Amino acid sequence: MFIDAVVLKRAQMIDSILSQQLVNGLTLGCLYALIALGYTLIFGVMRFIFFAQGELCMIGAFGAMGAVFWLGRHIPAGLIGLTTLAFLGAILVAVLVGLVAERLAIRPIRQAARTKQLIASLGVSMILQNLILLSVGAENYSFPSLFPNSAWSFLGARVTPIQSFVVAFSIFLMVGLHWILRATRLGLHLRAVSESAETAELDGIDVDRTIMMTFIVGSVLAASAGVMMGAYDGVVKYNMGFLPGIKGFTAAILGGFGRPSGAMLGGLVLGVSETIAAGYISSSYRDAIALALLVFILIVRPGGLVGKGLSS
Amino acid sequence: MSAILPLDWGKLTAERRLPLTALALALALAAFPLTGPSNYLLHVIVLVFVYVSLGMGLNIVVGFAGLLDLGYVAFYAVGAYSYALLSLHYQIPFIPALLVGAGLAALIGVLLGWPTIRTRGDYLALVTLGFGEIIRLLLRNWDSLTNGPRGLMNIPSPSVMGFTFSNPARFYYLGLLLGMFSICFSWKIKYSDVGQQLAAIQDDEVAAASIGINPARWKLYAFALGAFVAGMSGVFFASWQQFVSPESFTLGESILVLSIVVLGGMGRLWPTVAAAALLVLLPEVLRGLETYRILVLGVLLVVIVVMQEKLRLSALKKRRSTSLRNKPSEVAPLSPLRTVPRRPIGKTLLSVSHVSKHFGGICALQDVSFEIMNCEIVGLVGANGAGKTTLFNCIAQTIPADTGKIYLHNNNGKVLSLTGQSAFQAARLGVVRTFQQPRLFHSLPAVTNVKLGQQCRNIPALWEPLVHFKYSDGSDSSAANLLHRFGSATYETMVEGMSFVDQKLTELARAIATQPEILLVDEPASGMEPLARQSLSQALRWANETLGLTMIVIEHDLEFLRTLCDRIVVMDRGSVIATGAPQSDQVVRAIRRTLENPETIDAIA
């Protein structure tokens, strides 16, 4: 009788841990998916991997902090107002940085060899990371708490308001992106340039402008992910974008590179498997596990988990 | 793409005399410790040697093969920790440990590169970035083996045959040896047949495969050689510092080595050596720079790449205009068209049976079956979108068919199945194609393009570039002859900037140089003036009569085909609708029908 109760209790505990990890993994997965979408979008249009996606997240997080601390003081605003301010600040800064990077480093080398494009985009990401390092230093900054510190229970797991917000807002952004791609003129241009920049140009599409718009959309996604990362972890740091950048890329490959819906799926799969692996194997190897998954997926399913993706 | 390798490939003599220069430099540097420099100075110069070696190794990967490796120091770490652990725990002597460390790095390179390089080259950048982090995390967290962040101390000094490298001057000589070895090593790779094939792969992978070069094999080879050099450098580094810790193998180090390669011009040798010296010495001279080091490297990477691209584009513009000015006006002399004596048409050479190909919902080929006889010239006719080029893609395995079989009956009476082969395997078996838009190796002269075709079946062994010097000098006369035969008088010029027609002719010569069993020619006469068409027709006939070459020719110029071909195959919307002699009723009727078919007329319009 007594033993049964202990066994039952332990089973419930494991269950609640698993459901907790699913909830945590889902939150993380949404963030990865947003970064993956940025990679996929820019890759789709330019055919090269723009490394600085993770750094744009970081820039966004710092932009949000700046907006909340400097402007938030003068504007009497509630939590909702501050959150809006944070997102606006993040998006503004990240879009500016993204556009400057596109203009100075990416546009001049659009015709260059793939390797050179990758090197230039790597250079951009190093410049951004080190500019922040040199201006604010290497310490952790605590992110303003924009969300109430309560929690509710869902299937034995603790779900916090920030977690619900991350999932809801990510879904909102993904649906918005889908709508842009499928139902607007910009989306049409984007898809046309992605098929062939030359043909699009001949059809009177302004390729430069379309690519700029792509960078704007990518920066918005990255900045939003950055704000939510800051709010979720509670801290921001100059190199907070590096690993999420690589993981976002992993997510993009997992889902089959070049397909927005795949990027979302890949992000969720990566986030959940990473938290579960960290919970059951070892948390000091959690990043190594995510990276090993990247190598492993390339071996078994280079085209992504579902369908073919861009394999050659 | 061209700026990655020196443009005047054949004429670059300064780099080709490299061993002599290297020897002179080594002798001069060997005298340096005799002047009694401080230990600090010796230390800094040995550091330069280490980075020269690393730069040379990464140059093989980034410069020669065009692969981006962002976790290069992971291989350096593998070498360093191998030596540290082997010498600390097992007292393994220096030379065996050097071989194990470098060999292990190369092995890991193969295991990591094999899945990645086969799929997409640019995934490699992020996979290696991730791999570099995995290795660093392992070194930090695997306490029992690596002693975690504290690192491994008191690593024994290397000793070779009783001679122990115990003081800075002795390490200086060991470092000098390492640097010189790496320079000569990468020089040997660059000026080997493999080096030339890597250049071709970097220019155009599909074209390289179409003449029998296996792109994945040589890229993986270069990647593993780069890892080997890094492992070797790591062994030296550990034995010299007598201490290793994860902090020596950060991403910043990988970036530094990459910056050396980029600043050195990606693929150049001496400039890379100079770049290594500059980037290692500069922070030593300007101490205050240390904080800004990575920022400066980032700016450097972007600025160099952007500048190189600007230079390349402006050089391209210049070369285009000069080539137009010097355009040869003469056309090869005409001889009357010969219609009769030709080789007897033999037995079946190629059989295509029930081949189908879909692209998404579009059916490009539907149950196509036909046979080609030995020594035949067959014309392939059809409206645009009839599936002619798709058929070529399926036969040459550029894009494999969904269903159906393709067999080659070669001269030894063997029947070989092409289905399931790679493009380069099909080319080696004797099925070679040209492309509608000519695909040449832009950074190489026309004559080298043809020479690479001649090497189709002579596959260099893996050790060959390291063992002997095979890269032949100057222009090969048979390759030049072949080019001349095809009326491309510009064989010494670089491909970039050649006229469209000259490019098509050069590509044709390159394909014929592979000595194919069957040649698939995609629209050879498009864009040619009537006189040039006639001489092209003669050249194709010459290849058929003297070389006994079988051909399938796609062409829209029916007059051109009528005088050239023995047989015409007419295609319409993915199917063969008629075959027969050029003037036969059924062929004439079928051609008329495809052109009067309202749907195909729509397709043309």
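The briefing below groups its points by topic.

This is a predicted model, in which local features need pLDDT of at least 70, side-chain atom pairs count only at pLDDT 80 or more, and totals for chains, interfaces and linings use all residues. Residues are numbered from 1 along each chain as its sequence is written, while chains are lettered from A and ligands numbered from 1 in the order in which they are written.

**Chains**

- Chain A has 11 helices and four strands, whereas chain B has 24 helices and 12 strands; helices (H or I, at least four residues) and strands (E, at least two) are DSSP runs numbered from the N terminus.
- Of the 312 residues in chain A, 50% are buried, and of the 605 residues in chain B, 51% are buried. A residue counts as buried if 20 or more other C-beta atoms lie within 10 Å of its own, as exposed if 12 or fewer do, and as partly exposed in between, with C-beta atoms placed from the backbone.
- The radius of gyration of chain A is 20 Å, which agrees with the value near 20 Å for a compact globule of 312 residues. The radius is taken over C-alpha atoms, and the globule rule is 2.2 Å times the number of residues to the power 0.38.
- Along the principal axes, the C-alpha atoms of chain A fill a box of roughly 80 × 55 × 40 Å.
- In chain A, 75% of the contacts with a separation of 6 or more are between residues 24 or more positions apart; in chain B, 77% of the contacts between residues at least 6 apart in sequence join residues at least 24 apart. Two residues are in contact if their C-beta atoms, placed from the backbone, lie within 7 Å.

**Helix packing in chain A**

- Helix α2 (residues 53-74) of chain A packs against helix α4 (residues 114-136) of chain A at an angle of about 30°, with axes 9 Å apart. Axes are lines fitted to C-alpha atoms, for helices over the stretch in contact, and angles run from 0 to 180 degrees between N-to-C directions.
- α2(A) and α4(A) are therefore roughly parallel to each other; angles under 35 degrees count as roughly parallel, over 145 as roughly antiparallel, 65 to 115 as roughly perpendicular and the rest as oblique.
- Residues of α2(A) that meet α4(A) include Met58(A) and Phe62(A), and those on the α4(A) side include Leu128(A) and Ile132(A).
- α2(A) also packs against helix α8 (residues 207-233) of chain A, at an angle of about 60° and with axes 7 Å apart, which makes α2(A) oblique to α8(A).
- Among the residues making this contact are Gly60(A), Ala61(A) and Ala64(A) of α2(A), and Ala222(A), Gly226(A) and Gly230(A) of α8(A).

**Nonpolar core**

- The largest nonpolar core has 286 residues, and Ala61(A) and Ala222(B) have the most contacts inside it. Helix α11 (residues 215-241) of chain B gives the most to this core, with 17 residues.
- Such a core is a set of buried Ala, Val, Leu, Ile, Met, Phe, Trp, Tyr and Cys residues joined through C-beta atoms within 7 Å.
- Beyond its neighbours within four places in sequence, Ala222(B) is in contact with residues including Ile60(B), Phe64(B) and Leu198(B).

**Individual residues in chain B**

- Gln242(B) has a positive phi of about 60° although it is not a glycine, and lies in the loop between α11 and α12 (251-263) of chain B.
- His354(B), in strand β3 (residues 348-359) of chain B, has a positive phi near 50° and is exposed, with 12 other C-beta atoms within 10 Å.
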